[in-house]
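Please look through the sequence and the structure shown below before reading on. The briefing that follows takes up a few topics in turn, and it is meant to be read with the structure open beside it.

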Amino acid sequence: MTRWTRKDLLGLEELSREELLLILDQAKAFQQVSLRSIKKVPALRGKTVALCFLEPSTRTRTSFELAAKRLSADILQIQPSSSSLVKGETVLDTARAIEAMQVEIVVIRHSTSGVPAMVARAIRSSVINAGDGSHEHPTQGLVDLFTILEKKGRIEGLNVLIVGDILHSRVARSNLWGLTRLGAKVTVCGPPTLIPTGIESFGAKVSYRLEEPLGAADVLIALRLQMERQQEKYIPSSREYTRLYGIDREKLKGAKPDLILMHPGPVNRGVELSPEVADGPQSVILEQVTNGIAVRMAVLYLVAGAHSGSADSPVDAAVHPEPFESPQGKRSLT
Ligand code: CP
């Protein structure tokens, strides 16, 4: 049986298939906690989790906070505007100050790729990457794997199409590592200027046209056009982008009827998704948000165990994993 031994979760690139499945199994167990009238287990009682979001976030920050609370951890919020970062303190000095207060886990989002890894090397506390620049967003990648398993019962052999601003997307990179490691066939699609050169080495096919890969897809992941990363210079206009790559009801007529539509959020309504498909029957966008809590509970729980040297110690019986079941009732994680 695989044991979790990592102090940190910095990306999906370094995780084995077995480690990915361990997190997903643990998330499946924690999913039950949020369905109870008392949404709490004592797994992280006495531990402290610091949330350092140095870039805006709604879903990731709030679901990490809820996940930590549901595990009975104490929470420390580091707000960039009201911390000594505004006085010029470095991220490393901030992290060392947090470590000095015996905080076990530091969750970091930062606009620069590599900051969580740099902090993880400098402090003994566990570090979880909540999104760094255009590098990785590992917990979003895990949320997407979990949601696909919930909806499709497997990942192996599925055709997954990722459409949009691949160049700037940390979600796309985490999706690619996680999906290919679990056996999905991944195609990325978008304007040539928004597809990084050499993306094929991640194990993905590339298409600059939407129609053909959309017709074959079981899962469609639409990505946000990242206005704040100055994408405007990469495409003639957002209207042109929407005409070619925006997903609407008309384009979905060419897709499989059981295709599921995903988006990590936040959505630019009317740009990458029309409102009627974002809210339509194939959309699982809000289920992704819900699943974020169980997945982040699993990640917090596993790194806390590795931090205290008891990653394989039995969990409270209330949180033991129930393995995924395929629609045929047979255990089938991929
Ligand atoms: N998916 C995601 O990272 O959303 P937030 O920016 O709202 O956290």
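This is a predicted model: local features need pLDDT of at least 70, side-chain atom pairs count only at pLDDT 80 or more; totals for chains, interfaces and linings use all residues.

**Around the ligand**

- Serine 57 places a polar side-chain atom 2.6 Å from an oxygen atom of the ligand.

- The protein chain is divided into domain 1, which covers 17-136 + 288-318, and domain 2, which covers 138-285.
- Taken over C-alpha atoms, the centres of domain 1 and domain 2 are separated by 26 Å.
- Where the domains meet, 30 residues of domain 1 are in contact with 30 residues of domain 2.
- The size of an interface is often given as the accessible area lost when the parts come together.
- Between domain 1 and domain 2 the buried area is about 2,400 Å², and carbon and sulfur atoms give 57% of that area.
- Of the area that domain 1 buries against domain 2, 32% is supplied by Leu24, Glu136 and Gln288, which is more than any other three residues supply.

**Polar links and the makeup of the interface**

- Two salt bridges are found across the interface of domain 1 and domain 2, and 13 residue pairs are in polar contact across that interface.
- On the side of domain 1 that touches domain 2, the elements giving two or more residues are α1 (17-31), α2 (59-70), β3 (105-110), β4 (126-132) and α11 (285-307).
- Helix α1 provides the largest share of that side of domain 1, namely eight residues.
- Sorted by class, the side of domain 1 that touches domain 2 has ten nonpolar, twelve polar and eight charged residues.

**Salt bridges in the whole structure**

- How many salt bridges does a search of the whole structure find? The search finds 14 salt bridges.
- Glutamate 55 and arginine 170 form a salt bridge in which the closest N and O atoms are 3.0 Å apart.
- Lysine 151 and glutamate 287 also meet in a salt bridge through their side chains, with 3.0 Å from N to O.
- This second pair links distant parts of the chain, with lysine 151 in helix α5 (residues 138-152) and glutamate 287 in helix α11, 136 residues apart.

**Backbone details in two loops**

- The peptide bond from glycine 265 to proline 266 is cis, with omega near -10 degrees, and proline 266 is placed in the loop between β9 (260-262) and α10 (275-278).
- Serine 72 has a positive phi of about 70 degrees although it is not a glycine, and this serine 72 is found in the loop between α2 and β2 (74-78).

Terms used: Residues are numbered from 1 along each chain as its sequence is written. Side-chain values use heavy atoms; hydrogens and water are left out. Domain bounds come from an automatic or database domain assignment. Contact means heavy atoms within 4.5 Å. Buried area is the accessible area (1.4 Å probe) that two parts lose on being put together, summed over both. A salt bridge is a side-chain nitrogen of Lys or Arg within 4 Å of a carboxyl oxygen of Asp or Glu. A polar contact is a pair of N or O atoms within 3.5 Å; within protein, one must be able to donate a hydrogen and the other to accept it, and residues adjacent in sequence count only if both atoms are side-chain atoms. Helices (H or I, at least four residues) and strands (E, at least two) are DSSP runs, numbered from the N terminus. Ala, Val, Leu, Ile, Met, Phe, Trp, Tyr, Cys and Pro count as nonpolar, Asp, Glu, Lys and Arg as charged, and the others, Gly among them, as polar.
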